[in-house]
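Me: I've got a two-chain model open and want to talk it through. Can you take a look with me?

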Amino acid sequence: MVDRPRITWPGNARVALWIAPNVEHYEYLPPRDPQRNPWPRSPHPDVQGYAHRDYGNRVGFWRMLEALDQHQVRCTASTNLAVFEHYPDIGKAMADRGWEIMSHGIYNTRYLSALTEDEERAFYSDCIETLQRHTGQRLRGMLGPAVSNTVRTPDLMAEAGLTYHADWLHDDQPIPINVKQGQLISVPYSIELNDVPVFLQHHDTADFVAMVKAQFDTLYAEGAESGRVMALALHPYLMGMPHRIAGLEEILDYLLGHKLVWQATACEIADHFIENHYEDFVQHAQRIKGVADAS
Amino acid sequence: MPAERSYGMDHPHYHYSPIPERPSLRWPDGKALALGALILLEHYEWQPPEAAYSLRNPSGGLIKLPSPDYLQLTHREYGHRVGVFRLLDLLERYAIPATVAIDSLTALNYPWLVDYLLERRCELIGHGIAASRLITSKINATTESEVIEESLDAVEQASGVRPVGWLSPEGVESDRTPALVAAAGLKYLCDWPNDEQPYQMTVPSGNLVSLPLFLEADDEFALWHRRTSLQSWEQTIVSAATQLHRDGENSGRHLMLTLRPWLSGQPFRISTLERALSEVTKLPNLWLAQGSEIVDAFLECDC
């Protein structure tokens, strides 16, 4: 990080901020996965777990939408693409606002981990085709369904023509990912500034607000040297709850109240990086590797 | 069955209904928020039948101990002996009429407690046989229907009133439960925490309304599983009620607090709950109601 080429964002922004509501459907009776049980609380169905998440699509999404609209946020919706089929009202609300739709798989209860190479290839075709059919958008990136992946995922994403992958927590800047063919970068997502892990345990709204502000303050200061990326990961079934919505408003007021913030979608960040900084970052990585090889 | 990629829900129990698309819900006298409290009386058996299914890691006690787990069993029993009276007194102080989910082993084995609940005008709803005998897909439809009947018979026998509401033990269902509780003549079901308003369920026979509980303020969910601080729990209840009360001016909302006597009836927790209720009951346009009253008002609303 300390030796890299400098990233500049549009408008000399210090932080490129992307806001990612995760719009999801968890199945009532999902197919058995050999590695992961989405509902371990009881024999399936787990109506409590199911209904808690279903709340997001019935109520929480709509309350969150009001807050996001008031702040004119351009979201990158991490979307289980079957949402367009099950809940067209939600699909339309997102499309009408011109949100970028990022693939979050088809369902949050269908994981990539156990797929064969051919199945995973078919999965990308399905995602691309589904999004195209419902919105006319070209699919640009993915956060794996329930953050699942295989060792082949980056290669197959690049082969399918996707631009960015959001499952890499390893940096505060976009980073080129080595792939067999084509081009792929990571756009930093967050599993810390993310309402699911925060609210899974004992933290609540005030803690989340404090974390987000502190993260932003640090990146905003460091971003004067070289541009940083900040992701805010949200879930309608959690942040759209009546006791949390004021926290979201406070977060948005704070983040968007700063001048040198570029509130962008993930693919805008990716495109800007690829156009202006990708080559420099690749060369820099080779130079660092050269130092390692020489020593 | 895994979901088919088509419109609406991936099960037959209700239709998809985004809240902005619904007609406005009106509570009696134009109230904005219906507030209720559901007390759970759950019996854990010392020796459940061989085939019974309970949660792998039920709440209460210290760690999961080999049977008999005195700590877990007696921790829960505290609710029946002590905690429930503390909770009922508190609710009465704030004029919140209690709804009580009572399983059949509690109803039959605690006659003094049942009489006490009736004197306090509690509404009793069915809650299965015991928390150590869950209704899951591992039992067949006939057995499940028998469990539902047996539970309702026991409450009726003990109290003289047949329940019209239902909460499955530990909120665990099979994929047939809504259909079977409707067929048993029940009017409402509390197992689906997915909304801020009651809604119609779709069942093959009978007429069933879902009355969602507010899971995030549920004492077990918040205090036991998530280990939130008492201060945070209080804040959750107060800010949820305040926001729902605000939203309810346009279309009525309800908030059902789920309280376990063994948990929120503990001496060190009761003052927190008292502070929360004292704040919440200051909201001007509040309707304090039992489960069946909320459901009846929903059914009577021309919406």
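This is a predicted model: local features need pLDDT of at least 70, side-chain atom pairs count only at pLDDT 80 or more; totals for chains, interfaces and linings use all residues.

Me: How many helices and strands in chain A? And in chain B?

Reply: Chain A has 11 helices and nine strands. For chain B the count is 10 helices and nine strands.

Me: What radius of gyration does chain A have, against what a compact globule would have?

Reply: A compact globule of 295 residues would come out near 19 Å, and chain A has 19 Å, so the two agree. Along its principal axes, the C-alpha trace of chain A spans about 55 × 45 × 35 Å.

Me: Now chain B, what does the radius of gyration look like there?

Reply: Chain B has 303 residues, for which a compact globule would be near 19 Å; its value is 19 Å, which agrees. The C-alpha trace of chain B spans about 50 × 45 × 40 Å along its principal axes.

Me: What percentage of chain B is buried?

Reply: Buried residues make up 51% of the 303 residues in chain B. In chain A, 50% of the 295 residues are buried.

Me: Back to chain B: of the contacts between residues at least 6 apart in sequence, what share join residues at least 24 apart?

Reply: That share is 75% in chain B.

Me: Switching topic. How many residues does each chain put into the contact between them?

Reply: Chain B gives 42 residues and chain A gives 33 residues. Sorted by class, the chain B side that touches chain A has 16 nonpolar, 14 polar and 12 charged residues.

Me: I'm looking at α9 in chain B. What's its length?

Reply: Helix α9 of chain B covers residues 267–280, so to speak 14 residues. From first C-alpha to last, α9(B) reaches 21 Å, close to the 20 Å expected at 1.5 Å a residue.

Me: Which of its residues are buried?

Reply: In α9(B), the buried ones are L273(B), A276(B), L277(B) and V280(B). Looking down the axis of α9(B), its buried residues fall within an arc of 95 degrees, so they line one face of the helix.

Me: What do the buried residues pack against? And which residues are exposed on the other side?

Reply: The buried residues of α9(B) pack against β1 (33–41), α1 (70–93), α7 (230–247) and α8 (261–264) of chain B. On the other side of α9(B), P267(B), F268(B) and S271(B) are exposed.

Me: What's the phi of A146(A)? And is that residue buried or exposed?

Reply: A146(A) has a positive phi of about 50 degrees although it is not a glycine. A146(A) lies in the loop between β4 (141–142) and α5 (153–159) of chain A, and it counts as buried because 21 other C-beta atoms lie within 10 Å.

Me: And D29(B), buried or exposed?

Reply: D29(B) counts as exposed, because it has 7 C-beta neighbours inside 10 Å. D29(B) lies in the segment before β1 of chain B and has a positive phi of about 60 degrees, although it is not a glycine.

Conventions: Residues are numbered from 1 along each chain as its sequence is written. Chains are lettered from A and ligands numbered from 1 in the order in which they are written. Helices (H or I, at least four residues) and strands (E, at least two) are DSSP runs, numbered from the N terminus. The expected span of a helix is 1.5 Å times one less than its number of residues. A residue is buried if 20 or more other C-beta atoms lie within 10 Å of its own, exposed if 12 or fewer, and partly exposed in between; C-beta atoms are placed from the backbone. The arc is that of the directions from the helix axis to the C-beta atoms. Two residues are in contact if their C-beta atoms, placed from the backbone, lie within 7 Å. The radius of gyration is taken over C-alpha atoms; the globule rule is 2.2 Å times the number of residues to the power 0.38. Ala, Val, Leu, Ile, Met, Phe, Trp, Tyr, Cys and Pro count as nonpolar, Asp, Glu, Lys and Arg as charged, and the others, Gly among them, as polar.
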